[in-house]
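Take a look at the picture first, and then we'll go through it piece by piece.

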Amino acid sequence: MKAVTWHGRRDVRVDTVPDPVLKEPSDVIVRITSSGICGSDLHLYEVLGPFMTEGDILGHEPMGVVEEVGSEVTALVPGDRVVIPFNISCNSCFMCARGLQSQCETTQVREQGTGAALFGYTKLYGQVPGGQAEYLRVPFGDTLPIKVPDGPPDDRFVYLSDVLPTAWQAVEYAGVAPGSSIVVLGLGPIGDMSCRIAQHRGAETVIGVDIVPDRLDRARARGVEALDLRTHGNRLADVIRDMTAGRGPDAVIDAVGMEAHGAPVARLAQQFTGFLPDVISEKLMQKAGIDRLKALYTAIDVVRRGGTISIVGVYGGAADPLPMLQMFDKQVQLRMGQANVWHWIPSLLPLVVDSDPLGVEGFATHHLPLAEAPRAYDMFQKKENGAVKVLLRP
Ligand SMILES: NC(=O)c1ccc[n+]([C@@H]2O[C@H](COP(=O)([O-])OP(=O)(O)OC[C@H]3O[C@@H](n4cnc5c(N)ncnc54)[C@H](O)[C@@H]3O)[C@@H](O)[C@H]2O)c1
Ligand SMILES: [Zn+2]
Ligand SMILES: [Zn+2]
């Protein structure tokens with residue numbers, strides 16, 4: 001089959017690789033019909049190279065049609081339409097029972113000391129072949145795939161794999177309630193969807209921040225007060241306080257993560273590790289890795305006293321300096337983590353099946369054949385041609 005594979009920094013290719021096969025009687029094989037490219041894939045493309053192996057199959061936002069089922073699978077038959085969550089969770093262990101699928105104890109990657117295995121996501125998360133491919137082997141066939149109805153286009157459902165539960169969790173962790181004020185840093189797919197969900201959940205003030213004009217316009221078109229970081233620069237926090245009764249917002253969602261714009265020193269350090277031999281740079285990243293913390297520092301500065309910061313952007317550093325005095329004094333509440341995809345599916349399904357209040361059908365800016373994945377990655381990373389969300393169609 002054809003699959004998108006990692007070959008080095010900013011080097012992904014479409015290779016011919018062996019078709020996946022059933023390994024466990026509980027596995028299913030899915031023929032992929034749509035597969036998203038995520039901001040998390042951009043970290044693999046740029047700074048997380050030390051944890052990648054040449055030939056790794058990328059992708060963790062797939063959906064498609066069941067092709068084959070293992071002998072123990074009873075919940076699915078070939079021909080069923082399914083979306084595959086990005087975290088690989090058993091849905092029966094201690095963690096899954098508590099709605100913490102991203103910490104699943106059956107798939108935790110213990111040799112790396114990390115949480116649940118993820119599709120298409122580095123040695124840190126189990127090096128499991130991903131879903132930017134024609135076919136995908138999916139474990140826990142009875143409990144992991146999300147069955148969706150036939151009929152509506154893939155775009156209705158594909159974001160159940162990641163974007164929707166991730167943004168939903170970000171808003172939930174931010175404690176958004178009717179009347180809340182919220183700032184969303186970063187208006188990529190996750191930040192954009194977080195704004196939509198915050199509005200849907202009754203937030204009164206939703207302010208979004210980014211540096212990309214198309215992304216700001218896209219948010220503005222849905223009623224978000226969008227601020228360009230490049231215009232406001234160091235005054236951003238004051239501008240936001242002026243918009244929120246002088247106090248700052250009830251909550252801030254950081255939907256930027258470790259590659260924030262505007263942190264030159266950390267940027268150099270990240271690039272430097274990218275050029276070292278793998279064994280050295282992997283160790284260096286694990287012990288002394290630093291993120292570009294610009295967005296998180298902004299969040300700490302602008303959130304009101306006693307307010308909440310919900311970190312949804314991925315961070316990977318081990319030695320990140322944080323302003324503990326300011327955080328403690330302001331009584332900041334902090335929540336973060338990978339999305340527990342299955343936990344939020346019952347809340348989300350009604351929002352994509354009948355009407356489309358979150359606008360998922362028009363959410364993708366590009367639909368491209370799998371063969372064009374290299375161009376798609378390049379365009380999404382450079383934020384060119386208005387690319388916000390790209391769906392590959394194998
Ligand atoms: N927690 C999870 O389960 C989960 C799931 C999916 C994605 N993510 C993470 O969420 C983050 C966003 O993902 P995405 O798909 O929207 O990616 P993205 O890269 O398209 O979005 C990031 C946005 O942040 C903007 N930005 C950069 N620096 C900024 C700054 N200093 N202030 C404000 N905005 C800034 C960029 O211009 C971009 O639009 C990534 O870190 C991704 O890894 C986490
Ligand atoms: Zn993702
Ligand atoms: Zn589990």
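This is a predicted model: local features need pLDDT of at least 70, side-chain atom pairs count only at pLDDT 80 or more; totals for chains, interfaces and linings use all residues.

Let's begin with the overall layout. Where they meet, 25 residues of domain 1 are in contact with 27 residues of domain 2. On the domain 1 side of that meeting place, the elements giving two or more residues are α1 and α12. The largest share of that side comes from α12, with 5 residues. As for the kinds of residue on the side of domain 1 that touches domain 2, there are 12 nonpolar, 8 polar and 5 charged.

**Around the ligand**

So where does ligand 1 sit relative to domain 1 and domain 2? Both domains give residues to the shell around ligand 1, so the ligand lies between them. That shell counts 33 residues, and the closest are Gly39, Gly186, Gly188, Gly257 and His261. Four elements are listed as giving two or more residues to the shell: α1 (39–46), α4 (189–200), β9 (205–210) and α10 (294–302). Of these, α1 gives the most, with 4 residues. Sorted by class, the shell around ligand 1 holds 17 nonpolar, 12 polar and 4 charged residues.

**The parallel sheet**

Now for the strands. An open sheet is built from 6 strands in the order β10-β9-β8-β11-β12-β13, with parallel pairing. Its edges are β10 (225–228) and β13 (333–336), each of which pairs on one side only. From one strand to the next, the twist averages 20 degrees.

**Strand pairs side by side**

Strands of a sheet pair through backbone hydrogen bonds, and they can do so parallel or antiparallel. Here are some pairs from this model:

| Strand pair | Sense | Bridges |
|---|---|---|
| β11 (251–254) and β12 (308–311) | parallel | 4 bridges |
| β3 (28–37) and β4 (62–69) | antiparallel | 7 bridges |
| β4 and β5 (81–83) | antiparallel | 3 bridges |

Val252 has Ile309 of β12 as its bridge partner. Ser35 has Pro62 of β4 as its bridge partner. Val65, in turn, stands opposite Arg81 in β5.

**Two crossing helices**

Last stop: a helix pair. The axes of α3 (residues 163–173) and α12 (residues 341–353) come within 9 Å and cross at roughly 90 degrees. Angles of 65 to 115 degrees count as roughly perpendicular, so α3 is roughly perpendicular to α12. Which residues of α3 and α12 make the contact? From α3 they are Leu164, Pro165, Trp168 and Gln169, while α12 brings Val341, Trp344, Ile345, Ser347 and Leu348. The residues in this contact of α3 with α12 divide into 7 nonpolar, 2 polar and no charged. And α12 is a helix you've already seen, as the one giving the largest share to the side of domain 1 that touches domain 2.

How values were computed. Residues are numbered from 1 along each chain as its sequence is written. Chains are lettered from A and ligands numbered from 1 in the order in which they are written. Axes are lines fitted to C-alpha atoms, for helices over the stretch in contact, and angles run from 0 to 180 degrees between N-to-C directions. Angles under 35 degrees count as roughly parallel, over 145 as roughly antiparallel, 65 to 115 as roughly perpendicular and the rest as oblique. Two residues are in contact if their C-beta atoms, placed from the backbone, lie within 7 Å. Ala, Val, Leu, Ile, Met, Phe, Trp, Tyr, Cys and Pro count as nonpolar, Asp, Glu, Lys and Arg as charged, and the others, Gly among them, as polar. A residue is near a molecule or strand if its C-beta atom, placed from the backbone, lies within 6 Å of it. Domain bounds come from an automatic or database domain assignment. Two strands pair if DSSP finds at least two bridges between them.
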